[in-house]
Amino acid sequence: MNILHCDLDAFYAAVEQRDNPHLQGQPVIIGGRPESRGVVATCSYEARKYGVHSAMPASQAYRLCPHGTFLPPDIKKYHSVSRQVFEIFTDYTPTIEPLSIDEAFLDISGCHKLFGSSQEVGILIRKRIKNEIGLNISIGIADNKFLAKLATNLCKPDGILLFDANMIQNTLPKLPVSSLWSVGSKTAWRLNRAGIYTAGDLANISPEKLQRIVGSNASFLIALAQGHDQRPVCPRSDAKSMGNEITFPIDLSDPAEIDQVILELSSQVGFRLRQSELKACTVHLKLRTPDFTTVTRSRTLGNAIDADLVIYNIASDLYRQSGLTGKPLRLTGINCSNLIPCDLEQPALFEKSSDRLDNIIDELKNSFAGAKISRASLMEK
Ligand SMILES: [Mg+2]
């Protein structure tokens, strides 16, 4: 029982309730404005009673709960609170796999001598996050990641639950197939149509039969339904920054040409960020003049980014403000730092059409290794 799944309760809304005492006990909905086309990022448990949930259109949330307090997300604040929470985790183990801004797996195999049983560690972490940060966190404890996350879902909010052998035998088989990892509503529907409703139904099915329904995922699902999950807790790589630069064969001074280079570099760095599933909060532009003077300019943002055009817009802006526009340059570089795992962002809120274009370009780059694929404005170079 060495795996902990830790998940803050209604995170964004809980932070706002903590910071604005008059919101405590009230329905609080964080996300798009009710009159906008935005969606709900998180809502307090008081709002959930009215049927409001995350990813729901804000306009629908408003119809369900017109007296709720609607607030835009303060991502910068949430990131700093999240960092405090993760710092507490690191007091217990270095093996932390962040799943999102408010959720992580911890492998605490090495810390029992210092802190006691897994349950004692869980209680300690919950107490510290409550006392030092003022938030509730739910913790599931089990032998593997799947069961630990399942335990958290069962004990939320403000709970702690150990998913032990007894629960594997008696609780797991009764749970609906939708509680299994990777079973979304579509897969659940297909399983139900084949007469498979619970984890218990799944645990006893032949892999061949299940394969016809869910494809290659079959043996993984059967293992989960039996309470097995071999996946280790994987800490993210701690790359500090990611950058690309170009030294020109002959010095360049035309601002339009430099801008093209900045766009090309932005797509290279953006691609690497997305491949590593990282986003950056800071963009640096590096310019070197023919006499080897290096000038760097940087900008730190309130939210994390990985889209080519967003990186480009910032870097291009930094170039225009560098005082070197129109001057000859021998090198230009873009570096992104302050990296965080990309799923710490709320995708539904921030996905822009440019992100989707980046995804398509990335897919093409990956399927045609070595092929030259770029935005039309880069083609003429
Ligand atoms: Mg949460």
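1. Asp-102 is buried, its relative accessible area being 14%, where buried stands for under 20% relative accessible area, exposed for over 50% and partly exposed for what lies in between, with a 1.4 Å probe and protein chains only. Asp-7, at 9% relative accessibility, counts as buried too. The model is a predicted one, in which local features need pLDDT of at least 70 and side-chain atom pairs count only at pLDDT 80 or more, while totals for chains, interfaces and linings use all residues. Residues are numbered from 1 along each chain as its sequence is written, and side-chain values rest on heavy atoms, with hydrogens and water left out.

2. Both aspartates belong to the magnesium site, where the ion is coordinated by Asp-7 (OD), Leu-8 (O) and Asp-102 (OD) at 2.2 to 2.4 Å. Donors here are N, O and S atoms within 2.8 Å of the metal (3.2 Å for Na, K and Ca), and since water is not among the atoms, the site may look incomplete. Along the sequence the donor residues follow the spacing D-L-x93-D. The pair joins distant parts of the chain, with Asp-7 in strand β1 (residues 3-8) and Asp-102 in the loop between β5 (96-100) and β6 (103-107), 95 residues apart. Helices (H or I, at least four residues) and strands (E, at least two) are DSSP runs, numbered from the N terminus.

3. Arg-274 lies in helix α13 (residues 255-275) and, at 13% relative accessibility, counts as buried. Leaving aside neighbours within four places in sequence, Arg-274 is in contact (heavy atoms within 4.5 Å) with Asp-306, Ala-307, Asp-308, Asp-358, Asn-359 and Asp-362.

4. Helix α1 (residues 11-19) and helix α4 (residues 75-90) have axes that come within 11 Å and cross at roughly 95 degrees; axes are lines fitted to C-alpha atoms, for helices over the stretch in contact, and angles run from 0 to 180 degrees between N-to-C directions. The two helices are therefore roughly perpendicular to each other, a term for angles of 65 to 115 degrees, with under 35 counted as roughly parallel, over 145 as roughly antiparallel and the rest as oblique. The contact involves Phe-11, Tyr-12, Val-15, Glu-16, Arg-18 and Asp-19 of α1, together with Ile-75, Lys-77, Tyr-78, Val-81 and Ser-82 of α4.

5. For helix α9 (residues 185-193) and helix α11 (residues 207-214), the axes come within 10 Å and cross at roughly 130 degrees, and these helices are therefore oblique to each other. Their contact is made by Thr-187, Arg-190 and Leu-191 of α9 and by Leu-210, Ile-213 and Val-214 of α11.
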